[in-house]
Amino acid sequence: MFYREAGQFKTSYEVDAAVFPIRQDRIGIALILFIAFVVIPLTATDFVISVLLVPFLILSLAAIGLNILTGYTGLLSLGTAGFMGVGAFACYKLTTYFPNVNIVIWIFVSGFFASAVGVLFGLPSLRIKGFYLAVATLAAQFFLDWAFIRVQWLTNYNTSGAIEVPTRTLFGMPLTGPNAAPEFRYLVVLSFVAAMTWFASNLVHGRIGRMWMAVRDMDLAAELIGIRLLPTKLLAFAISSFYCGVAGALMVFLWYGSAEPAVFNIDQSFTILFMVIIGGLGSLIGSFFGAGLIYGLPIIMRFIVNLFGWQITPATVEHFTFMTVGGLIILFLIIEPAGLARLWQIAKQKLRVWPFPY
Amino acid sequence: MTAPEVKPRDVLLSVENVSLSFGGVKAISGVSFDIRKGEIRAIIGPNGAGKTSMLNVINGFYQPQKGTITFKGEPRTKMRPHDAATGGIARTFQNVALFRGMSALDNIMAGRSLKMNKNLFWQLLRYGPAMKEEVAHRRHVEDIIDFLKIQEIRRTPVARLPYGLQKRVELGRALAMEPELLLLDEPMAGMNLEEKEDMSRFILDVNDHYGTTIALIEHDMGVVMDLSDRVVVLDHGLKIADGTPAEVMKNQNVIDAYLGVAH
């Protein structure tokens, strides 16, 4: 009823090619951004911000990174956590060498380090694809994982072998370290995620996005229309790893506060891969859905258990959440193998003709 | 009455003595023919004659072991398919090779990738030069969409389209490259009569309207005879006839190849 595009005429290709051609979508996005930037910092509790929203946003960013590679370009990768780790350790090294440069700049720059590593491990993708490429990226994951633990130079020879995030400020306020205000951290993370999502959306809607999808859908035909496979795939690796690297740096500096290398192990790679698959391959909004479901659901379930004050041991709660979340994932995949993003699309399509579908 | 004198046109592509084998299997042995500018050239032959292999050699999927290929007056050496694309050779496939996850519009827009060159920075912003480029190419693509009469399906994911329309979108994607030479591998396979007539009309219009040189493989002899200016016939990797449709039809070798010889 309210989600109708009747009467909205597009008079130029520019308007028609817009990312959100329907007015209601634009209003919706503006509303979400307003809530995220203004309402939430003013109203939400520290718990909601630190435990729910900041991790959700950071994992969404990592999921977008993997989605660019796996969902848009069709290159299956299991090295996500490794690339995130490169970003985190690069940021740590940079900020300890040059403490006077603003941490926000270093978080951004650390993405380039992850990019470089991503391109290096993306080189085999010209020759191998599918599961075989996944195994090749698995090598990246194990090698990087090993390096994070063994190369003590990376943690500045810290005896605990972990990154201990120093206090850094932005606009005179502490942004990292134990004294940082959750709202402030949240706003910085949100700005990163919003800007990078916007960039990603621009990319996938333009020439480069079409080239990636062409390579994904039919690489022979893509080559035939003049797309060079190796540069296109490497660009996907570079940009994907950039996103993962920034997400990794944000994760350690603005979420964990200190991190052991184990954070970037293979489990993390799989978690993000599941987010992408359940959210929807080849969909940016799906990355948010997937991250929300996989990260948010267990927390919300634990919260519900606490709310009712059931006398259950924490271990039982843990097992119960595992089972339920697993069951839900299977259920979602049976209902819609193309992911939550497709469900969302179908819902929007239904809404267009609601309440008179004929 | 004699046929009007036809001035021989410039040769666009010539294939000389090309041989291709896969291990012990000879797909093409010593075939030579040429394609002249602006003509519709048919390549026919029974199954397994080496027609598709010939197209694959022309656009660089296979490297022939022997022989030379001269395109636009330049003999070419080893090349990759994207070099062929840069040179102006477009191609459709026997079994549709569209980008199945993308809409018809995006498929055809992807065909313009070579002509679009705004860098990553502008692509990230999708503003200014990148948007201008996008709109300019969109305009061109919309012309092709109008030309092929597929306006109403432009937003439909191609995987959901019926076969005939998929073939049409694939032709559109090839046309978006503004090719000098268009290779069509069985453009009418699996179509009904009406769809065949439509497709024949499009092929003639492309040839006429854009002046594109076309080489096509087709099994429907009626279509071949009506559309093509000259026909080359392959059988078991050998060239057995070359000439106008009327000449080829009367050629004894061709008749034998298609109908078999009494032993």
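Author: This is a predicted model. Chain B has 10 helices and 10 strands.

Reader: What is the radius of gyration of chain B, and what does the globule rule give?

Author: The radius of gyration is 19 Å, close to the 18 Å that the globule rule gives for 263 residues, so chain B is as compact as a globular protein of that length. Along the principal axes, the C-alpha atoms of chain B fill a box of roughly 70 × 40 × 40 Å.

Reader: How many of the residues of chain B count as buried?

Author: Of its 263 residues, 43% count as buried. As for contacts in chain B between residues at least 6 apart in sequence, 68% join residues at least 24 apart.

Reader: Now helix α7 of chain B. What should it span?

Author: Helix α7(B) covers residues 193-210, and at 1.5 Å a residue its 18 residues should span 26 Å. The end C-alpha atoms are 25 Å apart, which agrees.

Reader: Which residues in α7(B) are buried?

Author: M199(B), F202(B), I203(B) and V206(B) are buried. Seen down the helix axis, the buried residues of α7(B) fall within an arc of 100 degrees, so they line one face.

Reader: Why would residues three or four places apart point the same way?

Author: An α-helix has 3.6 residues a turn, so residues with that spacing point the same way.

Reader: What covers the buried residues of α7(B)?

Author: The cover includes the helices α5 (129-148), α6 (163-176) and α8 (221-227) of chain B, along with β7 (181-185) and β8.

Reader: And which exposed residues are on the face turned away?

Author: That face of α7(B) carries L193(B), E194(B), R201(B), D205(B), D208(B) and H209(B), which are exposed. Just after the helix, G211(B) takes a positive phi of about 65 degrees.

Reader: Back to β8. Where does A215(B) lie, and is it buried or exposed?

Author: A215(B) lies in strand β8, residues 213-217 of chain B. A215(B) counts as buried because it has 25 C-beta neighbours inside 10 Å, and 20 or more are needed for that.

Reader: Which residues is A215(B) in contact with?

Author: Leaving aside neighbours within four places in sequence, A215(B) is in contact with I35(B), R41(B), I43(B), L181(B) and L183(B).

Reader: Changing topic: how many residues of chain A are in contact with chain B?

Author: 26 residues of chain A are in contact with 31 residues of chain B. On the chain A side, α1 (13-16), α7 (182-205), α8 (207-217) and α9 (219-224) each supply at least two residues. The largest share, eight residues, comes from α8(A).

Reader: What classes are those chain A residues?

Author: The side of chain A that touches chain B has 14 nonpolar, five polar and seven charged residues.

How values were computed. Residues numbered from 1 in each chain as written. Chains lettered and ligands numbered in written order. Predicted model: local features only at pLDDT ≥ 70, side-chain atom pairs only at ≥ 80, totals over all residues. Contact = placed C-beta atoms within 7 Å. Helix = DSSP H or I, 4+ residues; strand = E, 2+ residues; numbered from the N terminus. Nonpolar A, V, L, I, M, F, W, Y, C, P; charged D, E, K, R; others polar. Buried ≥ 20, exposed ≤ 12 C-beta atoms within 10 Å, placed from the backbone. Rg over C-alpha atoms; globule rule 2.2 N^0.38 Å. Expected span 1.5 Å × (residues − 1). Arc of directions from axis to C-beta.
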